[in-house]
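Colleague: I would like to learn how to read a fold feature by feature. Can we take one model and go through it together?

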Amino acid sequence: MADDDARTDAPSTVRDRWDDERTDVLGERWRARTLHLRPDAVTRRTGVDPQATLVRRVPDPDAPPTRRAVLYLHGFVDYFFHPHVGDALAAAGYDTYALDLRDHGRSIRPGRPPNETTDLATYTQEIDAAVRLLRADHDVLVLLGHSTGGLTAALWADARRDRGLVDALVLNSPWLDVRGSWFEQNLLARAVHAVGRPAPRIPVRTIAPHYGRALHRDTGGEWDFELAWKPHAGFPVRAGFVRAVRQAQARVARGLGLDVPVLVLASDAAGPHKTPHDALLSTDSVLDPAQIARRAPLLGHDVTYVEVAGGAHDLALSAAPVRERYLREVTDFLAARVPG
């Protein structure tokens with residue numbers, strides 16, 4: 001993350017504008033608070049300022065206090081609706097926080113297009129602010145990113161390396177490369193990249209609805225999430241967003257220098273991502289795990305890769321035995337590799 005947003009002021013000179021906490025949509029065990037952000041490129045077009053939302057799990061009343069925390073970053077067409085992840089992390093001695101980035105989930109605002117960006121570094125402001133807030137009360141902080149959130153977390157941590165802000169990264173099916181045929185990965189990707197700068201708002205593709213339908217309780221799945229925030233067919237995938245992701249992935253391909261332990265987890269198999277099939281929740285039907293495995297060693301000098309057999313794209317939303325294994329891998333890694 002090398003744009004101006006990545007070079008924010010030192011923590012001692014920044015005054016973040018947080019609203020008071022309120023009960024979150026996940027229920028009484030969860031609280032949320034709004035972060036008011038600086039005007040951005042979308043503000044210049046719409047007149048509406050961005051905001052982000054920090055969600056936290058209220059500690060169990062009989063649990064000993066902890067000064068360890070995990071900060072969760074979601075993916076594209078996504079937000080945090082994973083209380084079972086917070087429960088597992090709490091059992092391992094971690095407070096759980098999740099950041100709904102600007103224009104995602106709880107942070108979607110009328111007048112601003114959802115999930116639209118032309119630079120992943122735009123999210124640096126809210127990640128910095130959340131880290132500042134959590135570091136005031138915690139000695140240990142881990143970033144846990146899923147899909148596009150995994151890519152964003154890795155680039156943020158690379159830009160902030162040598163500052164001691166985070167102690168480890170956990171990446172759940174991070175989006176480290178573009179899936180598709182040779183034509184899609186090369187010629188088509190280059191064409192979209194070229195269009196993305198002069199015409200960033202042009203829609204260039206849509207998201208197949210099959211994976212979302214397989215997840216949602218109303219269409220046969222296990223999970224109850226807000227369809228206005230995570231619609232099955234997604235939001236428009238625009239040229240500027242694709243260009244931003246490709247630029248970020250090119251940085252990973254050149255090699256990052258993450259200076260903390262990194263755990264990368266992915267399914268053991270890719271499923272078709274454009275058509276419905278019976279293995280939507282037992283394969284990664286969004287990304288290609290083989291690509292993730294190839295790129296993972298480029299993140300830093302201390303990377304552990306774990307293949308989770310039968311995992312869905314979001315490993316935390318896999319079938320119960322698989323997601324329990326995923327969460328066990330995460331908590332075992334934290335116990336073994338995070339100091340203190």
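**Reading the model**

Modeller: Start with one residue. Ala 253 has a relative accessibility of 36%, so Ala 253 counts as partly exposed. Keep in mind that this is a predicted model.

Colleague: Which helix holds Ala 253?

Modeller: Ala 253 belongs to helix 7.

Colleague: Which residues does Ala 253 contact, leaving aside its neighbours within four places in sequence?

Modeller: Ala 253 is in contact with Arg 295 and Leu 298.

Colleague: Now helix packing. What describes two packed helices?

Modeller: Two packed helices are described by the angle between their axes and the distance between those axes. Here, helix 4 and helix 7 (residues 239-254) pack at about 55°, and their axes are 11 Å apart. That angle makes helix 4 oblique to helix 7. The crossing of helix 4 past helix 7 is left-handed.

Colleague: Which residues of helix 4 and helix 7 meet?

Modeller: From helix 4 come Thr 148, Leu 151, Leu 155 and Asp 158. From helix 7 come Phe 241, Val 245, Ala 248, Gln 249, Arg 251 and Val 252. By class, this contact of helix 4 with helix 7 has 6 nonpolar, 2 polar and 2 charged residues.

Colleague: How should I read the spacing of residues along a helix?

Modeller: An α-helix has 3.6 residues a turn, so residues three or four places apart point the same way. Keep that in mind for the next pair. Helix 2 (residues 83-91) and helix 9 (residues 320-337) have axes that come within 10 Å and cross at roughly 40°. Helix 2 is therefore oblique to helix 9.

Colleague: Is the crossing of helix 2 past helix 9 left-handed or right-handed?

Modeller: Helix 2 passes helix 9 in a right-handed crossing. Helix 2 contributes His 84, Val 85, Ala 88 and Leu 89 to the contact. Helix 9 contributes Arg 323, Leu 327, Val 330, Thr 331 and Leu 334. The residues in the contact of helix 2 with helix 9 divide into 6 nonpolar, 2 polar and 1 charged.

Colleague: Which residues of helix 2 are buried?

Modeller: In helix 2, the buried residues are His 84, Val 85, Gly 86 and Leu 89. They pack against helix 9, and also against strand 3, strand 4, strand 5 (68-73) and strand 6. After helix 2 comes Gly 93, with a positive phi near 95°.

Colleague: Strands next. What is the general idea?

Modeller: In a regular strand the side chains alternate between the two faces of the sheet. Look at strand 4 (residues 51-57). Strand 4 is mostly covered, with 6 of its 7 residues buried.

Colleague: How many bridges join strand 3 to strand 4?

Modeller: Strand 3 (residues 27-36) and strand 4 are joined by 7 bridges and run antiparallel. Strand 4 and strand 6 (residues 95-100) also run antiparallel, joined by 4 bridges.

Colleague: Which residue of strand 4 is the bridge partner of Arg 33?

Modeller: Leu 54 of strand 4 is the bridge partner of Arg 33. In strand 6, Leu 54 has Leu 99 as its bridge partner.

Colleague: What about backbone angles?

Modeller: Most residues other than glycine have a negative phi. Asp 162 is not a glycine, yet its phi is positive, about 70°. Ser 173 is not a glycine either, and its phi is about 50°.

Colleague: Where do Asp 162 and Ser 173 lie?

Modeller: Asp 162 is in the loop between helix 4 (148-159) and strand 8. Ser 173 is in the loop between strand 8 and helix 5 (182-196).

Colleague: Is Asp 162 buried or exposed, and is Ser 173 buried or exposed?

Modeller: Asp 162 is exposed, because its relative accessible area is 66%. Ser 173 is at 0% relative accessibility, so Ser 173 counts as buried.

Colleague: Which residue of strand 8 shall we finish on?

Modeller: Take Leu 171, in strand 8 (residues 168-172). Leu 171 has a relative accessible area of 0%, so Leu 171 is buried.

Colleague: What does Leu 171 touch, not counting residues up to four places away in sequence?

Modeller: Leu 171 touches Gly 145, Gly 150, Ala 153 and Ala 154, then Val 262, Leu 263, Val 264 and Leu 265, and also Leu 299. The C-alpha atoms of Leu 171 and Tyr 305 are separated by 9.6 Å, although these residues are 134 residues apart along the chain.

Notes: Residues are numbered from 1 along each chain as its sequence is written. This is a predicted model: local features need pLDDT of at least 70, side-chain atom pairs count only at pLDDT 80 or more; totals for chains, interfaces and linings use all residues. Side-chain values use heavy atoms; hydrogens and water are left out. Axes are lines fitted to C-alpha atoms, for helices over the stretch in contact, and angles run from 0 to 180 degrees between N-to-C directions. Helices (H or I, at least four residues) and strands (E, at least two) are DSSP runs, numbered from the N terminus. Angles under 35 degrees count as roughly parallel, over 145 as roughly antiparallel, 65 to 115 as roughly perpendicular and the rest as oblique. A crossing is left-handed if the near helix is turned anticlockwise from the far one by less than a right angle, and right-handed if clockwise. Contact means heavy atoms within 4.5 Å. Ala, Val, Leu, Ile, Met, Phe, Trp, Tyr, Cys and Pro count as nonpolar, Asp, Glu, Lys and Arg as charged, and the others, Gly among them, as polar. Buried means under 20% relative accessible area, exposed over 50%, partly exposed in between (1.4 Å probe, protein chains only). Two strands pair if DSSP finds at least two bridges between them.
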